Amino acid sequence: MSQPTDHPAASRCPVLIAGGGPVGLALAALLARQGVRCRVIEADEGYCTGSRAICISRRSQEILAWAGVAHPLVQTGLPWTGGRSFWRATEVLHFQMPSEPTQRFAPMINIQQHLVEQFLHEALQQAPGLAQVSWGSRVAAVRQRDGWVEAEVETPAGPETVRADFLVACDGGRSTVREQLGLQLEGSQYEGRYVIVDVVQKTRRPVERLAWFDPPSNPGSTILMHRQPGDVWRIDYQIGDDEDPVEAVKPEHVLPRVRSHLAMIGEDQPWQPLWISIYNAKCLTLRDYRHGRVFFAGDAAHLVPIFGVRGLNSGLDDAGNLAWKLARVLDGSAADALLDSYSAERVPATHENIAYGAKSTEFMAPPNFAFRLMREAVLRLAVTDQAVRPLINPRQTAPVAYAASPLNVPQQGQWANAAAAPGLPAPEALLRGPHGEFHLTQCFGKDFVCLAFGDGPLPEAVAALAGHGIGVLDIPPEADALGQARHRYGLPDPQAQALVLVRPDGYVMGRWRGLDPAALLAAFQEKGFAG
């Protein structure tokens, strides 16, 4: 696969990004939207190969939309809302994720990682003066200086020294930057191994997550299947503890198992393999994602199990969290201390993702006899007892609450619910404006936004927030014809008045009853933002 050539940026840039996978490219696109110049250093010659992350959550779709790739993502990805699990040949679970027709994005879409990288790179090419990608290059050494960070970069044209205000390591699980700083991931990994196989085969089966435990096609194994764009099946199956992982990925061992399973489920169209690899689950993280002027994101910061699809999705949340903070420190509208909140928010998020991922892994790949016995009991009971079936569901990734964030402002007044409390993602809502319908999340991703719920003309003092770096979105009752915004933000009364301050990454920072912005503006300035 060929990519357009990017020319090297100058040897000084505000942000240097090590790693041009989906997290690094998403961070670059989000920085470009903020007007921040950056350079991405990627060791590969182009987009990734093989079968990697494929499930993109609704929250990640919002972030990628802010990065400028909403259209190709939605046009290409395969949306899904639920899945089925089978014990042997019997269905024991059919789950559905929350979804309704007016939402902007599906709960989940399936799309190959290399396509996500392609879309992000194409978006970056729309801002050539702000973001550049150096393919076939790698960060070989990192030195922190007084006021900047210095990196030695090996490029096809020879070695180069790059100075940057900040360096963000998005260079994967074997991060060179992490090694250069003498840091190690901490945690555990599981012995259970899964072979990953991509095959091309036409099918009319609906798009959903499929799982089989001890299927007749592969007794004793666990098999997962996902449809991908381009008539591609992603198949993951567990191998036995006594199987040699080197032998397990040889086609003569893989293809008969795939053939047997496709036949069992009635998929009889011709097929051919595209990719074979092997995987085992890891629950690892750095203690801190900021080290001076160096930050870590994605797999360079944490490795979480694939079960529940938290890997790439958590990395994209890292990028969404960090981009706006770097932008505000670089333009002087916030103090350097703002960058400490990146670790304060994202490290606990990783611990939550690891906790859920570990539970899913212990069910999908039981680490010992006791876990295998427990899983067997649950699956047997689930055949006839619906109350047991939720135990089979590997809770899919969901946005993490920043409940203890130093940026949260205590809410003021009484609210009907906690769905939009400080530290939570701002709920989506379909609204009506002068130019037609739009989704609330389309207003996020770049600036602070004050949602003004009123029942009359917008007070001048609220409109004046725009002069303090806060965008204002007026939401009178007629704009919220479906009542979604008021209900989800805890304001069931159509005459209720309130202000809700939303961060650039779509998280609620604070909320106040009434339309007097004085307390909001004071809190904004107390948190270190120039107002």
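**Aromatic rings in a predicted model**

Tutor: A search of the whole structure, which is a predicted model, turns up 13 aromatic pairs. One of them is formed by Phe-453 and Tyr-489, whose rings are 5.8 Å apart from centre to centre, with an angle of 40° between their planes, and this pair is described as tilted. In general, a pair of aromatic rings is described by these two quantities, the distance of the centres and the angle of the planes. The reason for the word "tilted" is that planes under 30 degrees apart count as stacked and those over 60 as edge-to-face, so an angle that belongs to neither group is given this third name.

The two partners come from distant parts of the chain, since Phe-453 belongs to strand β22, which covers residues 448–453, while Tyr-489 lies in the loop between α12 (484–488) and β24 (498–502), and 36 residues separate them. Are these two partners buried or exposed? Phe-453 has a relative accessible area of 0% and is buried, and Tyr-489, at 0% relative accessibility, counts as buried as well.

Other rings are joined into a group: Phe-166, Tyr-289, Phe-295 and Tyr-342 form a cluster that is linked by ring pairs. A ring can also meet a charge, and here the charged end of Arg-513 sits over the ring of Trp-415, at 5.4 Å from the centre of that ring.

The protein chain contains 13 helices and 25 strands. Its radius of gyration is 24 Å, close to the 24 Å that the globule rule gives for 531 residues, so the chain is as compact as a globular protein of that length. Its C-alpha atoms, taken along the principal axes, fill a box of roughly 70 × 60 × 40 Å. Of the 531 residues in the protein chain, 55% are buried, and Phe-453 is one of the buried residues.

The chain also leaves some space open, and its second largest pocket has a volume of about 800 Å³. This pocket is lined by 31 residues, of which Arg-58, Pro-98, Gln-103, Ala-398 and Pro-399 are the closest to its centre. Two or more lining residues come from each of α2 (58–66) and β6 (90–96), and α2 gives the most, with 4 residues. Sorted by class, the lining of the second largest pocket has 15 nonpolar, 9 polar and 7 charged residues.

Key: Residues are numbered from 1 along each chain as its sequence is written. This is a predicted model: local features need pLDDT of at least 70, side-chain atom pairs count only at pLDDT 80 or more; totals for chains, interfaces and linings use all residues. Side-chain values use heavy atoms; hydrogens and water are left out. Rings of Phe, Tyr and Trp (its six-membered ring) pair if their centres lie within 6.5 Å; planes under 30 degrees apart count as stacked, over 60 as edge-to-face and the rest as tilted. Buried means under 20% relative accessible area, exposed over 50%, partly exposed in between (1.4 Å probe, protein chains only). A charge sits over a ring if NZ of Lys or CZ of Arg is within 6 Å of the ring centre and within 35 degrees of the ring normal. On a 1 Å grid over the protein atoms alone, a cavity is a set of points where a 1.4 Å probe fits but cannot get out, and a pocket is an open set with protein on both sides within 12 Å along at least five of seven lines; lining residues have an atom within 4 Å of a point. Grid points are joined across faces, edges and corners, and a volume is the space filled by probe spheres set on the points. Ala, Val, Leu, Ile, Met, Phe, Trp, Tyr, Cys and Pro count as nonpolar, Asp, Glu, Lys and Arg as charged, and the others, Gly among them, as polar. The radius of gyration is taken over C-alpha atoms; the globule rule is 2.2 Å times the number of residues to the power 0.38.
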